[in-house]
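Here is a protein to walk through, one region at a time. Keep the sequence and the 3D view side by side as you read.

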Amino acid sequence: MTNESRLKAQKNYASARRNIIEANPRKSFLAVPDVFDRLVPFWQLHLYFSQNCRPDFYADVMEEMRKRPDAGTGDESIKNQFEFVKICGDVAKLNLIDFFDKWGFFWVGQIAMDDYAKYHFTITQQMVDETKSYVAQKTYPKPASDLTLTEE
């Protein structure tokens, strides 16, 4: 609609990169308090795939998520994050591990969140290794460009 997106207007792309990708020590995107910074990786996926012949990417991801059993609820719902990573790769037929890794999806540790409800997530190395192994077995190619740089 020719309007500048809120993420661009608020400079969330730069803020998210600074607060997540470039943070030292590294952190999970879930640990960043700004909800719009946390939204950036998801919007980048939308932008990349809508610009690269996959306009139904999220519709296809959601359809696939409905087909797979629920990975967890409450504090165990963090397992859905790893299912999302797998499903995105399967739908796109791309190895998106580098993208998700840069955004801190594979950060290992504990995160307390108060977002609609209070959660205490535990992300283990085993969860990370299992997800990366699943994607590696698919032998999908990597994207031609760094998706973390995608902006409208």
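Helices (H or I, at least four residues) and strands (E, at least two) are DSSP runs, numbered from the N terminus. The model is predicted, so local features need pLDDT of at least 70 and side-chain atom pairs count only at pLDDT 80 or more, while totals for chains, interfaces and linings use all residues. Residues are numbered from 1 along each chain as its sequence is written, and side-chain values use heavy atoms, with hydrogens and water left out.

Start with helix 5 (79-92). Buried means under 20% relative accessible area, exposed over 50%, and partly exposed in between (1.4 Å probe, protein chains only). Twelve of the 14 residues of helix 5 are buried, so this helix is largely enclosed by the rest of the structure. Among them are Gln81, Phe84, Cys88 and Ala92. What covers them? The cover includes helix 3, helix 4, helix 6 (97-102), strand 2 and helix 7 (125-138). Covering is judged by contact, that is, heavy atoms within 4.5 Å.

Lys93 is a residue other than glycine. Its place is the loop between helix 5 and helix 6. Lys93 is partly exposed, with a relative accessible area of 49%. Tyr116 also has a positive phi, near 75°. Look for Tyr116 in the loop between strand 1 and strand 2. Tyr116 counts as exposed, at 86% relative accessibility.

Next, the core. In soluble globular proteins, nonpolar side chains tend to be buried together. A nonpolar core is a set of buried Ala, Val, Leu, Ile, Met, Phe, Trp, Tyr and Cys residues joined through side-chain atoms within 4.5 Å. The largest one here has 38 residues, and Leu45, Phe49, Phe57, Cys88, Leu96 and Phe100 touch the most other members. Elements that give two or more residues to this core include helix 2 (12-21), strand 1 (109-114) and helix 7. Which element gives the most to this core? Helix 5 does, with seven residues. Zoom in on Leu45. Setting aside residues up to four places away in sequence, Leu45 touches Phe57, Tyr58, Phe84, Cys88, Leu96, Phe99, Phe100 and Leu147.

Turn to the largest pocket. A pocket is an open set of points on a 1 Å grid over the protein atoms alone, where a 1.4 Å probe fits, with protein on both sides within 12 Å along at least five of seven lines; lining residues have an atom within 4 Å of a point. The largest pocket holds about 550 Å³ of space. That volume is the space filled by probe spheres set on the points, with grid points joined across faces, edges and corners. Its lining has 19 residues, and Phe29, Leu30, Phe42, Ser77 and Gln81 lie nearest the centre. Helix 3 (35-51), helix 4 (57-67), helix 5 and strand 2 (118-123) each give two or more residues to the lining. Helix 3 gives the most, with four residues. By class, the lining has 14 nonpolar, three polar and two charged residues. Here Ala, Val, Leu, Ile, Met, Phe, Trp, Tyr, Cys and Pro count as nonpolar, Asp, Glu, Lys and Arg as charged, and the others, Gly among them, as polar.

Now go back towards the start of the chain. The buried residues of helix 2 are Asn12, Tyr13, Ser15, Ala16, Arg17 and Ile20. They pack against helix 1 (6-9), helix 3 and helix 6. The loop between helix 2 and helix 3 holds Pro25. A cis peptide bond joins Asn24 and Pro25, with omega about 5°. Val32 sits in the loop between helix 2 and helix 3 as well. Is Val32 buried or exposed? Val32 is buried, with a relative accessible area of 3%. Its contacts, leaving aside neighbours within four places in sequence, are Asn19, Ile20, Lys27, Asp37 and Arg38. Val32 and Ala16 are 16 residues apart in sequence, and 8.4 Å apart in space, C-alpha to C-alpha.

Finish in helix 7, where Val135 lies. Val135 counts as buried, at 3% relative accessibility. Beyond its neighbours within four places in sequence, Val135 is in contact with Asn95 and Ile97. Val135 and Ile97 are 38 residues apart in sequence, yet 7.6 Å apart in space, C-alpha to C-alpha.
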